[in-house]
Amino acid sequence: MHNRLRVLRAERRMSQAELAELVDVSRQTINAIEVGKHDPSLTLAFRISKVFAQPVEALFWEGDELERPNAAE
Amino acid sequence: MIMQPTDSVTCANGLRKKDVRNARVTNLWCLAWALTFVATTYAVKRFEPAPLFAAVAVALQLAIGIGAVRSYRHFLREADELTRKIHLEALGVGGAAAMAVGTTSIVLGPSGISPIWGLALTLTALCCGFSFGVARATLKLNA
């Protein structure tokens, strides 16, 4: 599964630790999600999408990394 | 830059404080269980106490063992999802190692290996497999 967490964090100048605090997980979990070693649970995915005020499908997607849904928007 | 909340829920190493606290509680339960296991085994063998005293000692050891299991279950339920994944992988490795060593010791039973050694080796394989599994999964998922 691919995601845009690193990009969205960078846009908001937010550290992994800060995002981890906001969604109540460890910093290691955020890092593992960003590098693709861990797929978040549905609950965590929704919590992260709430932080970035974006729909889940805009943050996480399956398949080719460049085939992000709504990538042209 | 977003400021770090003053009542931070994570430790300096990035782990959640409640996970660290729950892990410490579980470790203390396991330490207490190991100590009572050794003390009970030694006392029953060495002093051959009255049946009632021996029964109380065994019941205490069993109760602490159950407390350790409950504490570990609580830790897993409350744990951060990556920690839970690491422990799931480690339990798989530990369980597989225990099954392999346990069945081998049963097969080797007629060759003269005593059942108590078979049990001791099985428990050792479980503990070593679990520890190895935690270390390997942590390195794999945190790298």
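Here is a short walk through a structure with two chains, A and B.

This is a predicted model, in which local features need pLDDT of at least 70, side-chain atom pairs count only at pLDDT 80 or more, and totals for chains, interfaces and linings use all residues. Residues are numbered from 1 along each chain as its sequence is written, while chains are lettered from A and ligands numbered from 1 in the order in which they are written.

Helices here are DSSP runs of H or I with at least four residues, strands are runs of E with at least two, and both are numbered from the N terminus.

A residue is buried if 20 or more other C-beta atoms lie within 10 Å of its own, exposed if 12 or fewer, and partly exposed in between, with C-beta atoms placed from the backbone.

How does helix 2 of chain A pack with helix 3 (residues 27-34) of chain A, and at what angle? The angle is about 110°, and the axes are 8 Å apart. Helix 2 of chain A is therefore roughly perpendicular to helix 3 of chain A, a label for angles of 65 to 115 degrees; under 35 counts as roughly parallel, over 145 as roughly antiparallel, and the rest as oblique. Axes are lines fitted to C-alpha atoms, for helices over the stretch in contact, and angles run from 0 to 180 degrees between N-to-C directions. From helix 2 of chain A, A:Gln16, A:Ala17, A:Leu19 and A:Ala20 meet A:Arg27, A:Thr29, A:Ile30 and A:Asn31 of helix 3 of chain A. Two residues are in contact if their C-beta atoms, placed from the backbone, lie within 7 Å. The residues of this contact between helix 2 and helix 3 of chain A divide into four nonpolar, three polar and one charged. Ala, Val, Leu, Ile, Met, Phe, Trp, Tyr, Cys and Pro count as nonpolar, Asp, Glu, Lys and Arg as charged, and the others, Gly among them, as polar.

Two loops of chain A also deserve a look. A:Arg13 sits between helix 1 (5-11) and helix 2 (16-23) of chain A, and has a positive phi of about 50° although it is not a glycine. A:Arg13 counts as exposed because it has 9 C-beta neighbours inside 10 Å. A:Ala53, in the loop between helix 4 (42-51) and helix 5 (56-59) of chain A, is not a glycine either, yet has a positive phi of about 55°.

Now to chain B. The unreviewed UniProt entry marks residues 25-44, 50-69, 90-110 and 116-139 of chain B as "transmembrane region". Residues 116-139 of chain B are 100% helix, with end C-alpha atoms 35 Å apart.

Finally, the two chains meet through 17 residues from chain A and 16 residues from chain B. On the chain A side, helix 2 and helix 3 are the elements that give two or more residues.

Methods:
UniProt positions renumbered as here; feature names shortened; annotations may be inferred.
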